[in-house]
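This briefing concerns a predicted model.

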Amino acid sequence: MYSKIMAEKDDIVLSFGDSLLRKSDLDLLMEPNWINDKIITFCFEYYEKEQFNHSADRIALISPSIAQLMRFATVEDLAVLLEPLHLPSKQYVFVAINDNADPSQVGGTHWSLMVYVKSKQEFQHFDALKGSNQAIARKFVDKLQPFVQAPRGKLKFIEMDCPQQTNSFDCGMYLIAMTEHLIKEFCECFSVSLTEVVNQDSIQRKRKQVTDLIHELAATDSIEHHLS
C-alpha cells in the first residue's frame, strides 16, 4: 500500500520532446543526490532543440540510453541506432558515458563526456574523476568511428584536462555543465576556458538553474495546454 501511494504521488512534472520527467527525477537535482539518465537526457534534448538550435546542423548529442545500447550493440544494431542521427554531417558529437556494465540498465556509478571533434579527428574525453571512465571511453571510439566516417589511421583519443569534482555525487552535473560550455566554445566562439567556468560553485548553481528551467517549461506547457 505504501509503495502504491508513493507511486501515485510521483507525478509527471514535464513532458519535453522525448523526455518525461517525474517529481522523483526532479528531486535528484537537490544535493547530495546523483542525477539520473533522465535529467541528462532532458538537458541534451533542450540544448539541441532550444538553447543551441542555431547549431543543430553541427552538433549531435547522444543520450545516455542510446550510449548504453551502443556499448553492447552489434554493427547491424549500431546502424539502426546511429544512422538516423546523420553523424557524418556533424562537426561535434557528444556522448554521455557511464560505467554501468549491465546491458539491461541505464546509469551506474560514474558519468563522463566524450566529444568527437571532426576538424581535428579527435575523440576528446572529459572526466571529472580523471581516468575513471577512460577504458570505457576508448571502446566507444571503436563503436563510433565508422559512423562518424573518421579515418581510423589518423584518429586520436585524448584524455582532456578538465574541472575535477570534489565529492562523489556531482559527476552527472559536471557532464551537463561541460557539455553546455563546450557547445558555447565550439559554436558561439565563447573564449572563457572550461576550468574558469565550471567549478564546484557553478555546479551548485547549475543544479538550481536546471530545476528552475524544468519548472519554467512545465508552467509554460500548462498555460499552453489550458489555452488550446
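Within helix α5 (residues 75-82), the buried residues are Leu78, Ala79, Leu81 and Leu82. These four lie on the same side of α5, because the arc they cover around the axis is only 165°. An α-helix has 3.6 residues a turn, so residues three or four places apart point the same way.

*Surroundings of α5*
- The buried residues of α5 pack against β3 (59-62), α4 (64-72) and α6 (134-148).
- Glu76 and Val80 are exposed and sit on the face of α5 turned away from its buried side.

*Sheet architecture*
- Five strands form an open sheet in the order β3-β4-β5-β6-β7, and their pairing is mixed.
- Since β3 and β7 stand at the edges with a single partner strand each, one side of each is left without a neighbour in the sheet.
- On average, neighbouring strands of this sheet are turned by 20° against each other, direction ignored.

*Strands β6 and β7*
- Strand β6 (residues 122-126) runs parallel to β7, and four bridges join the two.
- His125 stands opposite Glu159 in β7, while Gln124 has Ile158 of β7 as its bridge partner.
- In strand β7 (residues 156-159), Phe157 and Glu159 belong to the covered face, whereas Lys156 and Ile158 belong to the uncovered one.

*Helices across the sheet*
- A right-handed β-α-β unit is made by β6, α6 and β7.
- Helix α6 lies across β3, β4 (92-98), β5 (111-117), β6 and β7, and runs at about 145° to β4.
- Helix α7 (residues 171-187) lies across β3, β4, β5 and β6, and runs at about 20° to β5.

Terms used. Residues are numbered from 1 along each chain as its sequence is written. This is a predicted model: local features need pLDDT of at least 70, side-chain atom pairs count only at pLDDT 80 or more; totals for chains, interfaces and linings use all residues. Side-chain values use heavy atoms; hydrogens and water are left out. Buried means under 20% relative accessible area, exposed over 50%, partly exposed in between (1.4 Å probe, protein chains only). The arc is that of the directions from the helix axis to the C-beta atoms. Contact means heavy atoms within 4.5 Å. Two strands pair if DSSP finds at least two bridges between them. A crossover is right-handed if, with the strands pointing away from the viewer, the path from the first strand over the helix to the second runs clockwise. Axes are lines fitted to C-alpha atoms, for helices over the stretch in contact, and angles run from 0 to 180 degrees between N-to-C directions.
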